[in-house]
Amino acid sequence: MNLRKNIIAVLAVFLFAVAPARAGEGGALVFAAASLTDVLTKIGADYEATTGKHVTFSFAGSSVLARQIEAGSPADMFISADEAWMDHLAVRDLITADTRTDLLGNRLVLIAPAASTATLTIAEGFPLAAALNGGRLAIADPQAVPAGKYARTALTSLGVWNGVVDHLAQAENVRIALAYVARGETPFGIVYETDAKSQPKVRIVDVFPAATHPPVIYPAALLKTAGPEAAGFFAYLKSDAATAVFAAAGFTPLAQSK
């Protein structure tokens, strides 16, 4: 019996240690797509300096975050990298529907290590498989993560997906895919333009035409579990100050306070 109690106690300590801080204990808790890591960290710091109110972030692939929210994680706000995962929560009545806002836009790009001299022009049937030359293409999970789904759709529309599908380095989120290329572990990767601009160890080879994939949209919404601190930060994300930071990072702001 004592052994069982000790095990339960250890598990309780572990779970408490790894669980994100509850919003009510330290301001709003925001679950946000991994590609927003740098820009939201900056905006969160600005918000705290301006208001004295703290914001805690949990960054991961949108699919991972949506499933955590569905499982009961106590977040206040969700910012997805696509509409589908926000829809996933909406149909389960987990978001406050009238707060849903298309916050940002982005572009999809093909990248290579900064030292690479490889050139490719993205067009129908372009020789991506040959350019890999035995290496792998770094992308986020194309079955679940928005950046990977956009990439699969774009490559399929261009007629080159079947040539590379067996040569992928799949990552849990787009930032890990970016890291594969930055470290030179893969000769090419597909990420968002803002990710590429944030990492000096990669360069943009070309931009995917907008017609090859759905628009890259970041919807944001307060969750039904949102605490009182969340509305203030949600409003700040649409302020002129936050909009300027988003734009400087390469995002296209889609929502501003009136």
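Predicted model: local features only at pLDDT ≥ 70, side-chain atom pairs only at ≥ 80, totals over all residues.
Colour the selection by residue class, and the contact of helix 4 with helix 5 shows 4 nonpolar, 3 polar and 2 charged residues.

Now widen the view to both helices, residues 62-70 for helix 4 and residues 83-90 for helix 5. How many Å apart are their axes, and at what angle do they pack? The axes are 10 Å apart, and the packing angle is about 5°. Angles under 35 degrees count as roughly parallel, so helix 4 and helix 5 are roughly parallel to each other.

Aspartate 87 belongs to helix 5, while arginine 100 sits in the loop between helix 5 and strand 4 (101-106), so the pair ties together parts that are 13 residues apart in sequence. If you go looking for others, the count of salt bridges in this model comes to 11.

The structure holds 1 cavity of 30 Å³ or more, and the largest cavity has about 50 Å³ of space. To find this spot, select Ala33, Ala34, Ala81, Val145 and Val174, the closest to the cavity's centre of the 13 residues that line it. Which classes make up the lining of the largest cavity? There are 9 nonpolar and 4 polar residues there, and no charged ones.

Terms used:
Residues numbered from 1 in each chain as written. Heavy atoms only, no water. Axes fitted to C-alpha atoms, helices over the stretch in contact; angles between N-to-C directions. Helix = DSSP H or I, 4+ residues; strand = E, 2+ residues; numbered from the N terminus. Parallel < 35°, antiparallel > 145°, perpendicular 65-115°, else oblique. Nonpolar A, V, L, I, M, F, W, Y, C, P; charged D, E, K, R; others polar. 1 Å grid on protein atoms, 1.4 Å probe; cavity = no way out; pocket = protein on both sides within 12 Å on 5 of 7 lines; lining within 4 Å. Points joined across faces, edges and corners; volume = space filled by probe spheres on them. Salt bridge = Lys/Arg side-chain N within 4 Å of Asp/Glu carboxyl O.
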